[in-house]
Amino acid sequence: MKIIHITDLHLLAPGQSLYQTDPYERLAQCIDDVVVEHADAAFCVITGDLAHKGELAAYHGLTQQLLRLSMPVYLLLGNHDLRAPFREAFPAAIRDESGFVQAVLRRPEGDFIFLDTLDEGVNGGKYCNTRSAWLRARLDEAGERPVYLFMHHPPFSIGIPCLDRIALAEPERFAALIEGHRNIRHIFYGHAHRPVCGSWRGIPMSTMRGLNHQVPFDLHTVSHVPKSHEPPAYAVVFIDADQVIVHFHDYLDRRTLAKTGDHYAYAR
Ligand SMILES: [Fe+2]
């Protein structure tokens, strides 16, 4: 099974630039690549910060690009998103009985659970009692089935101070919520704008760069979130009974080395 993980689009209205790059063009280039290389993916998930300012025009732009994908696409919200314009642009988007952007996708490979960590107007994430009750019920329903979680805000620190102070609030509550469900095989998250993998309480996790701008590897800045222009990436994930493999793909870097005799060099 192949899935596509994309995160942090930060879209503005098509044609507008953000930090000297065009987020809509970056998305279009990403979709170009997915269409050509991964039309066989089971689904695509975008883990939040779909729009930079939550503008309706930005969500409409996203609609246009997603029409190009033949696979189902699941959209999650990040701290830059706004619920009302998102709902207006995507009336058929996932939602739970309380209106949060959450759902479970049950497939033969396991239960894929999409979580809503948005605390609107706040950079940090929140997983409230209502959402927690919903997730607890979904985990109970999963029983012994494999579970894969998708969320914008990580419920753990990643060692980058400017991001750790805006991670999911009360991570210990989230940890207690999923504790005991030993069938959670992976957490796919966003928010970091960097490739960050590892494990948390024994659960593997991964994220990668966003599509427009990144967060530099800065272990000191606390006062604000620095920006960089490391290349954008999306992830191609292979899942089967024995393993989860995550490939990060810098889709704008198409340079390959040409072999000439015993030497390799970039083709001119
Ligand atoms: Fe972001």
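Ala103 counts as buried because its relative accessibility is 17%, where buried means under 20% relative accessible area, exposed over 50% and partly exposed in between, with a 1.4 Å probe and protein chains only. This is a predicted model, in which local features need pLDDT of at least 70 and side-chain atom pairs count only at pLDDT 80 or more, while totals for chains, interfaces and linings use all residues. Residues are numbered from 1 along each chain as its sequence is written, and side-chain values use heavy atoms, leaving out hydrogens and water.

Beyond neighbours within four places in sequence, Ala103 is in contact (heavy atoms within 4.5 Å) with Ile94, Phe112, Ile113, Phe114 and Trp134. The C-alpha atoms of Ala103 and Ile113 lie 6.0 Å apart, although ten residues separate the two along the chain.

Ala103 belongs to strand 4 (residues 103-107); strands (E, at least two residues) and helices (H or I, at least four) are DSSP runs numbered from the N terminus. Strand 4 pairs with strand 5 (residues 110-114) in the antiparallel sense over five bridges, pairing requiring at least two DSSP bridges. A hairpin of two residues joins strand 4 to strand 5, and Arg106 stands opposite Asp111 in strand 5.

## Packing of helices 1 and 2

The axes of helix 1 (residues 23-37) and helix 2 (residues 56-66) come within 10 Å and cross at roughly 15°. Helix 1 is therefore roughly parallel to helix 2, a description for angles under 35 degrees, with over 145 roughly antiparallel, 65 to 115 roughly perpendicular and the rest oblique.

In this pair, Tyr24, Leu27, Ala28 and Ile31 of helix 1 meet Gly61, Leu62, Gln64, Gln65 and Leu66 of helix 2.

Key: Axes are lines fitted to C-alpha atoms, for helices over the stretch in contact, and angles run from 0 to 180 degrees between N-to-C directions.
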